[in-house]
Each structure stands twice: as structure tokens, then as C-alpha cells.
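Dear colleague,

I am handing over the structure below, and I would be grateful if you could look through it alongside the notes that follow.

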Amino acid sequence: MKRILVTGGAGFIGSHLCERLLNEGNEVISLDNYFTGSKKNIIHLMDNPYFEIVRHDITEPYYAEVDEVYNLACPASPIHYQHDPIKTIKTSVVGATNMLGLAKRINAKILQASTSEVYGDPQIHPQPESYWGNVNPIGLRSCYDEGKRCAESLFINYHKQNDVRIKIVRIFNTYGTRMNTNDGRVISNFIVQALKGEDITIYGEGKQTRSFQYVDDLVEGMIRMMNTGDNVTGPINIGNPGEFSILDLAKKIIDITNSKSQLIFKPLPEDDPMQRKPDISLAKKTLNNWEPKIPLEEGLLKVIAYFKGVI
């Protein structure tokens, strides 16, 4: 049994990770300030004697004796991370510093949940880990993009300077049950609008592309990354290389839900990437042939069923 700290443990992804780690027989601490996370996501775990819940903001130091740290704490959807951009940057940078300090003191392995947003609006397609990105450092999205880029730099330098055992994964668009209905992510937006029979909002012409992975595939990739040897630090892309236009996604969701929703088009937001697709060859090579197993339509059926019970 390992003792594992998950920051952002009450979030959409964090709650699935906590559940999986508990099912594997570990002791888990969920650390969350509930800005975007919710106790509803982890309430079904609270009867487990090996699960502990702590309300805490990682911009403040935290002390515990653990074997591993998964650092997921940070608002990840544009609506939430742009709500308080300074807080977003502090969560990524000060929060990462605090968690790295903890890992250094207790010699714990620590995994950083980075993001495909470090690639910005990419000029290389698909995006390999060797690509440095194309990010606007003063744009609307910079609080998240640059915060995560700085966090990666902190992780690498804590490893080089202090021998901290680090892991960095770059997470591409992820969806699944327990997504927030108002998080502003494209899949949750489209499903909620379709189920309510409202107009489905597409920004730009809908020709921009994204790659969507189901949360179970992501959790599997993160755990495999944590279990690699100390010589494997990353960053490693974790995503589904299936590529879909936003317009095709909207039509697919309308078809699956049998919705009467109409498509409406609005101007493209500032710095919205036109393409996003992971090169996962390094993940396949490094993480014991990891690759996503759940196709988009199968995952959408699960999420649509979940949202029907929530709305």
C-alpha cells in the first residue's frame, strides 16, 4: 500500500484518479480548495477508511508524509482559469513550488499534470514533445498556458538541482463523467445544449480541430507514467490522436442525442488554437504500449447518459 496525495482530488479528473488509486489498494489524500472541484465527485469514496479529504489551497504550503504526489490542482477550462487569471498563475507556479518542496523534503515521486496548451496555437501538426510551442505570453489564455509552462520549468529544475523524482505529462482534451455542466469545455457545452434543445454555439466556422480522450484512458496513462523508473521524467503527451473538427463534433452529438438543436456561429475567441492533435509515439514507447482504448462515440454515450441524470 502506497500513501498518495492528489491535489485537485475533487475535480473531474482528480476524482477518477482517486477512485482508481483506492481500487488498487492505496491510501489516498484528496487536497482541494473546491474552486472548480466538488465534494459530489468524491462523496461515494468517503466511506473508504483509506481515503482522506483535506480542504486546502496549494498556493499555501502543505505538509504530509506520502510516497507519491499527483499535482492536478488548477482550473483547466477557459471560463474558470480566466475568471481570476492571477490566481490561476499562482496555482500553477506557487502551487507547483509548494508541492515540489514537499516532494523534496520527504523524497516522494511527484507527477505534474501539464497540458497541451503549452503548445499554444501550434505550427507543427501533430504536436511532439520536442515542439517548443507558439504561445502568446500576454493573451487571454496566457495565465494558464504560461503558468503550466513555468511549472514544467520548475519541475525540471527541481529534478536537476535537487534530485527530486519528477514526472511530467501533457494532457490533451479530456472528457468523461463528472464534468461540470458549466465548465465551458466544448464537449460538455455541446451535450448540455443538445439535451436542453438549445442552440449549439460554435466559435468561428467550426473548422478548428481537437483530439478528445476519455478520462479512463488518461488515468491509465498517468499511473503508468508514475510507475516508470526515475530516469523517465517526461514531458510525455497523453491524449487520443483521433482528430475531429468542432463542427463534426457538434453534428455527432446532435445525432446521438436526437436533438432538435440548431447550430449558431459566433466569433472565434482570442488565441483559440486552430489545430490540436498529440503525437503519442513517445507514450507508446515509454509507458508499456499505452494508447487510448475508448473511441469518441463510446465515450460520448457514457457522458450523455451522465448529463441526462444531472440536468
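**Helix packing: α5 and α7**

In this predicted model, the residues Val186, Ile187, Phe190, Ile191, Ala194 and Leu195 of helix α5 are in contact with Ile246, Leu249, Ala250, Ile253 and Thr257 of helix α7. Sorted by class, that contact between α5 and α7 comprises 10 nonpolar residues and 1 polar residue, with no charged residues. The two helices, α5 covering residues 186–196 and α7 covering residues 246–257, pack at an angle of about 40°, and their axes are 10 Å apart. The crossing in which α5 passes α7 is right-handed.

**Helix α1**

Helix α1 runs over residues 12–23, and its 12 residues reach 17 Å from the first C-alpha to the last, which is close to the 16 Å expected at 1.5 Å a residue. This helix is mostly covered, in that 9 of its 12 residues are buried, namely Phe12, Ile13, Gly14, Ser15, His16, Leu17, Cys18, Leu21 and Leu22. The elements that cover these buried residues of α1 include the strands β1 (3–7), β2 (27–32), β3 (51–55), β4 (68–71) and β7 (174–175), together with the helix α6 (215–226). After α1 comes Gly25, which has a positive phi, near 90°.

As for its pairing, β5 is parallel to β4 over 4 bridges, and Asn71 stands opposite Gln112 of β5. Strand β6, which covers residues 166–171, is also parallel to β5 and is joined to β5 by 6 bridges, with Arg170 in β6 as the bridge partner of Ser114.

**Cys150**

Is Cys150 to be classed as buried, partly exposed or exposed? Cys150 lies in helix α4, which covers residues 142–162, and because its relative accessibility is 33%, Cys150 counts as partly exposed. Between Cys150 and Met99 there is a separation of 51 residues in sequence, and their C-alpha atoms are 14 Å apart in space.

With best regards

Conventions
Residues are numbered from 1 along each chain as its sequence is written. This is a predicted model: local features need pLDDT of at least 70, side-chain atom pairs count only at pLDDT 80 or more; totals for chains, interfaces and linings use all residues. Side-chain values use heavy atoms; hydrogens and water are left out. The expected span of a helix is 1.5 Å times one less than its number of residues. Buried means under 20% relative accessible area, exposed over 50%, partly exposed in between (1.4 Å probe, protein chains only). Contact means heavy atoms within 4.5 Å. Axes are lines fitted to C-alpha atoms, for helices over the stretch in contact, and angles run from 0 to 180 degrees between N-to-C directions. A crossing is left-handed if the near helix is turned anticlockwise from the far one by less than a right angle, and right-handed if clockwise. Ala, Val, Leu, Ile, Met, Phe, Trp, Tyr, Cys and Pro count as nonpolar, Asp, Glu, Lys and Arg as charged, and the others, Gly among them, as polar. Two strands pair if DSSP finds at least two bridges between them.
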